[in-house]
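Colleague: I have a model open and want to learn to read its side-chain features. Can we go through them one by one?

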Amino acid sequence: METTEKETPAAKRPVWNAGRSVGAKRALKPKQIWEIRFFLNERRRVRDRALFDLAIDSKLRGCDLVRMKIGDIVNGGQVRTRAIVMQQKTSRPVQFELLPDARASLLAWLERRGGTVDDYVFPSRVDRTGHLSTRQYARLVDEWVTGIGLIQSEYGTHSLRRTKASIIYRATGNLRAVQILLGHSKIENTVRYLGIDVEDALALAENTEI
């Protein structure tokens, strides 16, 4: 069958993901979490340490993380132990815990940052009334992972979202709990997101006695 003139340009058009690393980004391991914390502490990057800790504990998408306001995580001058936000993608609320390390780093940042409950936790450096952009957040994550010697293309903002969820799943095998924590509407989405395969399922089954 001959190729028409209309089909030729399409055939020559480069694939959209040519040269790009696609697929799920790796979750961080506990050792790597502490390496990044040390990296940021050594450089006295108070804002970045607070952003990193909040990203790990909240398990939020980047678009939800950067839009968080001080009032979302602070009550009566103290950082909450639990917080709840409305997800932009799903319009569903999701609740998360803030552990001592995250509360301490957030408090240190907010004491330096100042502001009111209606201000963004992480303001834009270009427009102080706006919030940190998702693009800048992604650049920061690239900086953090390369700073501890990881391959940049293998990690991204979703690595931080997946990290605690993956650790909880590996420790408990409780998909339903992870689904709730990630704010997924369907458990199938959680399975895909965590990259659970047949080997994982069989390993869980072998360790479950009835």
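Modeller: We will take aromatic pairs, then charges over rings, then a hairpin, then one tyrosine. Keep in mind that this is a predicted model.

Colleague: How is a pair of aromatic rings described?

Modeller: By the distance of the centres and the angle of the planes. A search of the whole structure finds two such pairs.

Colleague: What is the geometry of Phe 52 and Trp 144?

Modeller: Their centres are 5.7 Å apart, and the planes make an angle of 85°. Planes over 60 degrees apart count as edge-to-face, so Phe 52 and Trp 144 are an edge-to-face pair.

Colleague: Which parts does that pair tie together?

Modeller: Phe 52 belongs to helix H3, residues 46–58, and Trp 144 to helix H7, residues 134–147. The pair therefore ties together parts that are 92 residues apart in sequence.

Colleague: Are Phe 52 and Trp 144 buried or exposed?

Modeller: Both Phe 52 and Trp 144 are buried.

Colleague: And how do Trp 109 and Phe 122 pair?

Modeller: Trp 109 and Phe 122 are stacked, with 6.3 Å from centre to centre and 15° between the planes. Trp 109 sits in helix H6, residues 100–113, while Phe 122 is in the loop between H6 and H7, so this pair links parts 13 residues apart in sequence. Trp 109 and Phe 122 are both buried.

Colleague: Next, charges over rings. Where does the charged end of Arg 37 sit?

Modeller: Over the ring of Trp 34, at 4.5 Å from the ring's centre. There is also Lys 69, which lies over the face of Tyr 120, 5.3 Å from the ring centre.

Colleague: Now the strands. How many bridges join S3 to S4?

Modeller: Five. S3 covers residues 82–86, S4 covers residues 93–97, and the two run antiparallel.

Colleague: What lies between S3 and S4?

Modeller: Six residues, and the two strands form a hairpin. In the turn, Ser 91 has a positive phi of about 60°.

Colleague: Last, the tyrosine. Where is Tyr 193?

Modeller: In helix H10, residues 187–194.

Colleague: Which residues is Tyr 193 in contact with, leaving aside neighbours within four places in sequence?

Modeller: His 158, Arg 161, Arg 162, Leu 182 and His 184. Check Lys 25 as well: Tyr 193 and Lys 25 are 168 residues apart along the chain, and their C-alpha atoms are separated by 9.9 Å.

Notes. Residues numbered from 1 in each chain as written. Predicted model: local features only at pLDDT ≥ 70, side-chain atom pairs only at ≥ 80, totals over all residues. Heavy atoms only, no water. Phe/Tyr/Trp six-rings, centres within 6.5 Å; stacked < 30°, edge-to-face > 60°. Helix = DSSP H or I, 4+ residues; strand = E, 2+ residues; numbered from the N terminus. Buried < 20%, exposed > 50% of the residue type's maximum accessible area, 1.4 Å probe, protein only. Lys NZ or Arg CZ within 6 Å of the ring centre and 35° of its normal. Pairing = 2+ DSSP bridges. Contact = heavy atoms within 4.5 Å.
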